[in-house]
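Here is a short briefing to read beside the model.

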Amino acid sequence: MKAVTVETAKIERPAKTKASRFFSTMLQQRYLYLMSIPFVIWVFVFSYLPLWGWTMAFQKFKPAKSFFEQDWVGFDYFKELFHDDTFFQALRNTLAMSVMGLIAGFTIPIILAILLNEVRQQMFKRVVQTISYLPHFVSWVVAAGIISKMLSTDNGVVNEVLVGLHLIHEPIQFMAKGNLFWSIVTASDVWKETGWNTIIYLAAIAGIGPELYEAARVDGASRLQQVWHITLPGIRSTIIILIIISIGHLISIGFEKQFLLGNNLVRDYSQTLDLYALNYGLGMGRYSFGTAINIFNSVVSVILLFAANGIFKKITKESII
Amino acid sequence: MQRKKTTASVLMSVTLLAGLLAGCGSSNNDTSNNEANKSNNSATANSGNTASNDANANKDAAAAEDTSPITFSFFAEDPNPNWNNMQDDVSKELTKKTGVTLDAEFAVGDPAQKVALMATSGEYPDLISAKGDIGKLVDAGAVIDLTDLIDKYAPNIKRVLGDNLARAKYTNADQSIYAIPTWAAVNEQRFVAGGGFELQHRVVKEAGYPEIRTVQDYESVIKSYIEKHPTDENGNKNIGVSLNADDWHMYISVTNPAVSTTGGSDDGEYYIDQTTNEAIYHFRRPEEKEYFRWLNHMNDIGLLDKESFVQKYDQYKSKVATGRVLGLIDQDWDYNDAQQALKTAGKFDETYGHYPVTMSKDIKQADFWPTGFMGGYGISISSTCKDPVRAIKFLDYLASDEFQILNNWGIEGKHYKIEDGKRVVPQEVQDRINNDNTAFTKESGIGFYWNMMVHYGDGAKDESGNYYTKNFPEQLVNGYSDAEKETLAAYKATTWKDLFPKEDEFKVKAYGAAWNIQIPGEDEVSILGTKMKDITWKRIPQAILAKPADFDKIWDEYMADLDKAGVKKMEADYTKYVQDRVALWSGN
């Protein structure tokens, strides 16, 4: 059976057009296509079908009414959205925290991965790695509890240490200062996720052939030079792919951290777009308004993703699409 | 996921069992089974119970003719941390009587969002207590009009509510009954003062029990105590006053007291003129500015807990449970868990008493301003309920005298006994209630159904001349600790309520209470309300924590923000709702 197919394909190839060649390849690889069908369906059902719900943003949506009974209002909800100061504040907070998170979330794990890679003592390396990725498994609810306890003015560790070292005279109300909120979120994110994010870079580093290092050593390269000229270029493509993907997610940073760490005093700095959608959309039963916010999120995400991809393609010839 | 599976299998087995009992083993389909139950009235299941029904034969007999097992799913907006999945004594008795098992879910976090989600998903539990969010479910057609069901199947509910049933109507335009009012109590005389300002017993004792009537009195006892005892026995700092400002607790502990100290009664976020029924956003009253100025002053002199606006609810509770917080401005139900912990630890002098604190002596603390029967919050039957008739009969049974007593007092012979025709709680049971409340509540289930059932309030008596609830003066005093009794005796009072102005000093409000007027979610009043809330919740903490010199500036900015966000329009629209309510209630 297989032999026959291959043979016919061989014989007829010169006479075939591009399209028919595509079909013959398809026929040839029919089992592969068959195997991928469930996943295509899965993606369609979970990622494309829900897009139908976007129609809600253009209606004055009332639950339990059929699609045809809804009132259509066009872009009313978007107009309302763009006239709301709170929305722009939420947008600013979202972008600020995600950019800070992006910068810290890339540099620190890469540095840690390189440092760990240079450690010769296997035991020490394992212990550091395990300890550093443990917080990843702590839920944000618990983490937020630990963080606010540590930063508390009432016997909080951080304030005790700072006062003990005479760096400050009065305990600082960390959680009540809006201008510190972004940093607190970024720092706790680093604490929680650095170890985990390191794993992927360590794996990438492990994939670099040892002969490159050997050659470099023969040429007299120092440890630092090896890192700069071999390790970093070796994991460059991994870094770029991860950056492009994260840029696509810039605007959807969720709300867990901000919701759990925030309070009314720092609301001007802690309200993210997702929280805004929750409070002013779903929380008030304004489904259409909530949907409008999320459409805005998705559109911005797609634009950012393509922009990042395009830029990296130009500069480094690496891209994901 | 796992949990869902178990629930599903339990449901399945219950259904199967019901099928067997009803004698229609041929079908194991949910709906057809229930149909069968309804029409046949399941001869087999019933005959077994006739005897017991006869034994209880009184006017409650209508309660449960059909006692074949059935499971109703139930969602409540209020948390119930002690809920024991129907394994407590009261629930077991309830299942025995009605055949109903509840698969209950109590909201965690923000219930409004949960209800909104429920409304769109189209998957409703059989019974829903949506409190103020019922509007979302009505809009979605998720709850059914109960008028006819009550009329046909609910003699107890009709008897208990009487004319008050009219106050359950939804709006002027839609006079259906979507929720049976189960929060408001009938014929209620309130005995429990759970609000006002709280002070630890040791603080007033040390000061020699001075009169605590104004914020200055309150401040000075705390001040003098903390000067003498800056730390507790372990060297941790004592805290003057801690506020609970996590999410909606902000209303209870920070913003409502501004109304009560200035002589208003609780009308949610509004202050309502009693003659014109005009509403204003209560923060715009100049009197309240002075209350917040006082809090600002408390912060300035270090008596206000610095973490008041930063701490989460559980941190607040654990702080109170250490006994280091000398004064609270809260409601007893909000800090009760912490107080129970203090009692369990035997620190009775660190528990709290309630004082009618106002800005000055000529203002009356209006906690006991009578509202009449409030209607409002209640329990609803969803449009997808398997068997609305069984559901309404179940709710009707909850309203029966038999069950009200069961819920409030527990099981006769176990949790109370009858001596000389009076219900009495034995000493050993009372000791457990006082000192080991959480475990006792879990086992007994006493009080679990309070907000699910139409009920008589404190001070109402049944046919035997006994009170329906345990909150009557004599019994209340039994629940007081020695420290509490000592303090009360020093103030020549028997209950905390004796310290507060009485109901008859006020005129009954024509609209119940404004906080339970239903506002549709899409209405501009709701949207503006959320905007105002955001501004207020940000500005009030800022104003309190500011340097006293900056207070006026921040307050002016706050008022300007409100104006800019359209507070006047919101007030005007809300006034219309209040006036509508007055018309709806007085029209019958």
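This is a predicted model: local features need pLDDT of at least 70, side-chain atom pairs count only at pLDDT 80 or more; totals for chains, interfaces and linings use all residues.

Chain A and chain B bury about 2,800 Å² between them. A search over all chains finds 42 salt bridges, and the rule places two across the interface of chain A and chain B.

**Interface of chain A and chain B**

- Chain A brings 35 residues to the contact, and chain B brings 33 residues.
- Carbon and sulfur atoms give 52% of the buried area of about 2,800 Å².
- Three residues lead on the side of chain A: Asn264(A), Leu265(A) and Met284(A) supply 21% of the area that chain A buries against chain B, more than any other three residues.
- Between the chains, 11 residue pairs are in polar contact, with both residues at pLDDT 80 or more.
- Four helices of chain A each give two or more residues to the side that touches chain B: helix 7 (140-150), helix 13 (256-261), helix 14 (267-270) and helix 15 (273-280).
- By class, that side of chain A holds 14 nonpolar, 12 polar and nine charged residues.

**Second largest pocket**

- The volume of the second largest pocket is about 1,200 Å³.
- Its lining counts 37 residues.
- Nearest the centre of the pocket lie Thr153(A), Pro171(A) and Gln173(A), together with Lys306(B) and Glu307(B).
- From chain A, helix 8 (157-164) and helix 14 each give two or more residues to the lining.
- The lining has 14 nonpolar, 13 polar and 10 charged residues.

**Salt bridges**

- Side chains of opposite charge can pair when their charged atoms come close.
- Arg267(A) forms a salt bridge with Asp534(B), with the closest N and O atoms 3.2 Å apart.
- Within chain B, Lys97(B) forms a salt bridge with Glu402(B), with the closest N and O atoms 3.3 Å apart.
- This second pair links distant parts of the chain, its residues being 305 residues apart.
- Lys97(B) sits in helix 4 (residues 89-98) of chain B, and Glu402(B) sits in helix 16 (residues 401-409) of chain B.

How values were computed:
Residues are numbered from 1 along each chain as its sequence is written. Chains are lettered from A and ligands numbered from 1 in the order in which they are written. Side-chain values use heavy atoms; hydrogens and water are left out. Contact means heavy atoms within 4.5 Å. Buried area is the accessible area (1.4 Å probe) that two parts lose on being put together, summed over both. A salt bridge is a side-chain nitrogen of Lys or Arg within 4 Å of a carboxyl oxygen of Asp or Glu. A polar contact is a pair of N or O atoms within 3.5 Å; within protein, one must be able to donate a hydrogen and the other to accept it, and residues adjacent in sequence count only if both atoms are side-chain atoms. Ala, Val, Leu, Ile, Met, Phe, Trp, Tyr, Cys and Pro count as nonpolar, Asp, Glu, Lys and Arg as charged, and the others, Gly among them, as polar. On a 1 Å grid over the protein atoms alone, a cavity is a set of points where a 1.4 Å probe fits but cannot get out, and a pocket is an open set with protein on both sides within 12 Å along at least five of seven lines; lining residues have an atom within 4 Å of a point. Grid points are joined across faces, edges and corners, and a volume is the space filled by probe spheres set on the points.
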